[in-house]
Amino acid sequence: MARIVMKFGGTSVADLDRIHNVARHVKREVDAGHEVAVVVSAMSGKTNELVAWVQNMPKVTGASSPFYDAREYDAIVASGELVTAGLLAIALQSMGVNARSWQGWQIPIRTDNAHGAARILDIDGAEMVRRMGEGQVAVVAGFQGLGPDNRVATLGRGGSDTSAVAIAAAVKADRCDIYTDVDGVYTTDPRIEPKARRLKKIAFEEMLEMASLGAKVLQVRSVELAMVHKVRTFVRSSFEDPDAPGMGDLLNPPGTLICDEDEIVEQEVVTGIAYAKDEAQISLRRVADRPGVSAAIFGPLAEAHINVDMIVQNISEDGSKTDMTFTIPSGDMEKAIKVLEGAKEQVGFDVIQHETGLVKVSVIGIGMRSHAGVAASAFRALAEKGINIKAITTSEIKISILIDGPYAELAVRTLHSVYGLDKK
């Protein structure tokens, strides 16, 4: 017998038939004698609908400001998961499974006060563990917790992944299964490279890089939690027949295991290729080269919640001036320029140059720590395809390259091939 947390995303619970299919997956684990908790997202499209209602309400009333109370935003958008949890509990009960739905505050999942993007601080899973021990399935509404003001607080888009991993850590689950519309983590996006392969295992560090650099399989925060608490996490497909051979395998179910590096016997040099579209580049020309300039540039951007990624600094020959170039999401371009213009006097730059429509392509692998020439292979391969590199950043296990958007698919396929990911 094991204790398992199962998470199902929006496409997996999109309608009543799919919720019934989810219930069959859950019943399979219950019939095998396992203690089970289930975390669910809102039905596909429901959160977007709720968010649109919130955003449109001030317009309908004729308010002069488009802003709204973040606490009421949370109260509204959190309702989507409550509906799914209740429906799945009813489905399980109808199939003879003892089940009960839980809202985030009932556990409770305690969060900080950042409504709309709250972080989990603590989970008291004692009552859930007791009920699971008695054979009851806990069906938990994901994406939500209880803030210090005793109001519902949501965890940001994709937050149900984080809910599931955090609950798995709190109840000391043997495994956390993330069911989604894909059957695992691939070496790259199969829509771009048909030769992409499903990975049997991937290390926490690699998955964290993949998630943060463009792979949409898991929310970044959920991978961070899994790594910190060493929660063995499987990415699986909810669309496979719940009763297909191997689906009930406790140790090696179909999918991709995200685990500690020590569990991976044969470490590949490169594990995968990720990409992120809609990157923008900003360059500040002829900035005074003196202490405090970087803080004067990036401090205001951080206060405006603009995520800065790749940073390149070039010093002039006499050392008096510098060019500062960095990337941000394209959607933040106008806001970033406004912030920088406001800091112009303090920073002391001559001109702002900017460019949108760029793509960041990343090569990821824990084996890069002990192998030389990985970066050189990437640069040579891209050069042979006539792809110009605008910026480069590296870490122990990743190389990120900024290129023009139209070359994204060619770059992904080229790098996937040059490291032999399509042949193993």
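Which residues are buried in helix α9 (residues 293-303)? Select that helix in your viewer and you will find that V293, A296, I297, F298 and L301 are buried, where buried means under 20% relative accessible area, exposed means over 50%, and partly exposed lies in between (1.4 Å probe, protein chains only). Helices (H or I, at least four residues) and strands (E, at least two) are DSSP runs, numbered from the N terminus.

Before going on, note that this is a predicted model, in which local features need pLDDT of at least 70, side-chain atom pairs count only at pLDDT 80 or more, and totals for chains, interfaces and linings use all residues. Residues are numbered from 1 along each chain as its sequence is written, and side-chain values use heavy atoms, with hydrogens and water left out.

**Around α9**

Just after α9, look at H305, which takes a positive phi of about 60 degrees.

**The open sheet**

Next, show the 6 strands that form an open sheet in the order β14-β15-β13-β16-β18-β17, with antiparallel pairing; two strands pair if DSSP finds at least two bridges between them. Strands of a sheet pair through backbone hydrogen bonds, either parallel or antiparallel. At the edges are β14 (311-315) and β17 (391-395), each of which pairs on one side only, and the twist averages 25 degrees from one strand to the next.

Going through the pairs, you will meet 5 bridges between β14 and β15, where I311 stands opposite F326 in β15. Between β13 and β15 there are 8 bridges, and here Q281 has T327 of β15 as its bridge partner. Strand β16 (residues 351-364) is joined to strand β18 (residues 398-404) by 7 bridges, and V363 stands opposite I399 in β18.

**Two crossing helices**

Select helix α2 (residues 46-61) together with helix α3 (residues 70-77), whose axes come within 9 Å and cross at roughly 145 degrees. To see what makes the contact, show L50, V51 and V54 of α2 and Y73, I76 and V77 of α3.

**The largest nonpolar core**

Move on to V5, M128, I167 and M207, which touch the most other members among the 43 residues of the largest nonpolar core; such a core is a set of buried Ala, Val, Leu, Ile, Met, Phe, Trp, Tyr and Cys residues joined through side-chain atoms within 4.5 Å. Centre the view on I167 and, leaving aside its neighbours within four places in sequence, you will find it in contact with V5, V39, I107, I109, I123, M128 and V140. Another core, of 24 residues, lies apart from the largest one and includes I19, V40, A91 and V137.

**Last stop: M6**

Finally, select M6 in strand β1 (residues 3-8), which is buried, with a relative accessible area of 0%. Leaving aside neighbours within four places in sequence, the contacts of M6 include H25, V36, V38, D177 and Y179. M6 and F234 are 228 residues apart in sequence, yet 9.5 Å apart in space, C-alpha to C-alpha.

Terms used: Contact = heavy atoms within 4.5 Å. Axes fitted to C-alpha atoms, helices over the stretch in contact; angles between N-to-C directions.
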